[in-house]
Amino acid sequence: MNISTDLQRSSADGAATSLRRLAEARGLPVGAAVNMAALGGDDPRYAETLRAEFNACVAENAFKPSEVWIGPREYDFSVTDRLADFAAENGMLLRGHTLVWHQQTPRWLSSESGRGVPAEELSGLLRKYIHTMVARYKGRIAQWDVVNEAIHDPDPEGATPGLREESVWHRALGPDYLAQAFRWAHEADPDARLYYNDYEIEDLGPKSDAVYTLLRDLLAQGVPLHGIGFQGHLLNGWRVTEAHRANVRRFTELGLEWAVTEVDIRMRLDGAPPTPEQLADQAEGYEELTRLCVTDPQCRALIFWGFTDRYSWIPGFRKGWGASLPMDEEYLPKPAYHAVCKALTGK
Ligand code: XIL
């Protein structure tokens with residue numbers, strides 16, 4: 001069975017097309033987070049659909065320190081190399097996610113010996129890790145999420161949140177760890193676009209205010225920071241508002257480019273299949289978000305956090321929610337898929 005042909009026949013207005021072809025016509029990287037077990041698994045639909053439908057990709061987990069950084073001075077590149085090869089073979093832009101994060105940190109760090117590593121040594125180890133990773137994929141990873149989710153969620157009173165000081169990297173290096181991480185990444189690949197990435201910062205509000213101030217200050221210090229990633233883990237009913245536009249605008253006015261790095265739009269299912277109304281609602285959200293990206297030359301990528309509901313992280317992490325991606329569990333395009341096509345064609 002040729003899946004890509006099936007998708008092409010049923011997409012958009014019935015003309016033979018794919019997200020990938022529309023993305024290429026736009027000159028926009030449109031991609032998906034890749035589940036490496038599925039890519040190497042026994043279902044050929046996964047790789048076929050990925051290469052037919054997207055001109056960009058990112059690893060859902062494989063590039064995280066928990067997977068690569070297996071000892072203080074020891075790295076395992078077997079899976080990351082596999083994805084880099086897949087991307088190159090298929091002419092896809094590769095995003096790197098992520099170098100510095102308070103979650104999915106190296107496992108050895110939480111072992112007894114890891115916990116005993118002095119702070120000054122940790123700084124050197126992180127520098128070496130960033131240099132090694134970025135240099136290895138130099139010229140192959142176009143955009144790096146250098147720092148992920150450094151800012152707290154706002155408290156119920158809505159006070160502007162600060163840095164996650166409990167992060168192992170903040171504890172070891174102090175607040176300067178962000179600037180350092182960007183500088184080290186830039187040293188290893190001066191051509192890579194370096195991003196700060198976070199969630200629930202699409203709108204104006206206390207958390208995006210905090211991120212705005214952080215990035216503005218980093219830029220004022222001359223830190224090599226080029227982009228902001230809006231993760232886009234959204235709920236059904238979400239729409240683009242004037243506040244979203246104003247928020248994107250204030251970041252681009254700092255001279256930053258931006259990307260939608262992890263979009264999925266989840267709906268409440270509680271075990272039931274999605275209703276046509278829910279799917280139509282979701283399609284609207286995806287269409288508006290895609291339009292926001294394609295109408296702004298500073299939007300440099302649109303990445304879904306997966307592509308088929310078969311492998312979405314949502315049901316495991318948000319109980320009762322699901323159906324968040326543009327294709328269903330059988331890889332069939334949902335209304336959201338057609339909506340993204342429509343927005344990409346500019347209709
Ligand atoms: C998630 C993955 O999808 C899961 O498979 C993993 O178990 C946990 O991480 N923000 C991010 C991503 O930056 O790295 C997260 O990915 C989702 C939220």
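Predicted model: local features only at pLDDT ≥ 70, side-chain atom pairs only at ≥ 80, totals over all residues.

**Exercise 1. Which classes of residue line the largest pocket, and where is its centre?**

Step 1. By class, the lining of the largest pocket holds 5 nonpolar, 8 polar and 8 charged residues. Here Ala, Val, Leu, Ile, Met, Phe, Trp, Tyr, Cys and Pro count as nonpolar, Asp, Glu, Lys and Arg as charged, and the others, Gly among them, as polar.

Step 2. The volume of this largest pocket is about 460 Å³. On a 1 Å grid over the protein atoms alone, a pocket is an open set of points with protein on both sides within 12 Å along at least five of seven lines, a cavity is a set where a 1.4 Å probe fits but cannot get out, and lining residues have an atom within 4 Å of a point. Grid points are joined across faces, edges and corners, and a volume is the space filled by probe spheres set on the points.

Step 3. Of the 21 lining residues, Trp101, Gln103, Glu149, His233 and Trp313 are the closest to the centre of the largest pocket.

**A note on the model.** Residues are numbered from 1 along each chain as its sequence is written, and side-chain values use heavy atoms, with hydrogens and water left out. The mean pLDDT of the chain is 95.

**Exercise 2. Describe the largest cavity.**

Step 1. The largest cavity has a volume of about 60 Å³.

Step 2. Its lining includes Glu202, Phe230, Trp238 and His244. By class, the lining of the largest cavity has 7 nonpolar, 1 polar and 1 charged residues.

Step 3. Helix 12, strand 10 (257–268) and helix 13 (276–294) each supply at least two lining residues of the largest cavity. Helices (H or I, at least four residues) and strands (E, at least two) are DSSP runs, numbered from the N terminus.

**Exercise 3. How do helix 11 and helix 12 lie relative to each other?**

Step 1. The axes of helix 11 (residues 206–220) and helix 12 (residues 242–252) come within 10 Å and cross at roughly 10°. Helix 11 is therefore roughly parallel to helix 12.

Step 2. Axes are lines fitted to C-alpha atoms, for helices over the stretch in contact, and angles run from 0 to 180 degrees between N-to-C directions. Angles under 35 degrees count as roughly parallel, over 145 as roughly antiparallel, 65 to 115 as roughly perpendicular and the rest as oblique.

Conventions. pLDDT = per-residue confidence, 0-100.
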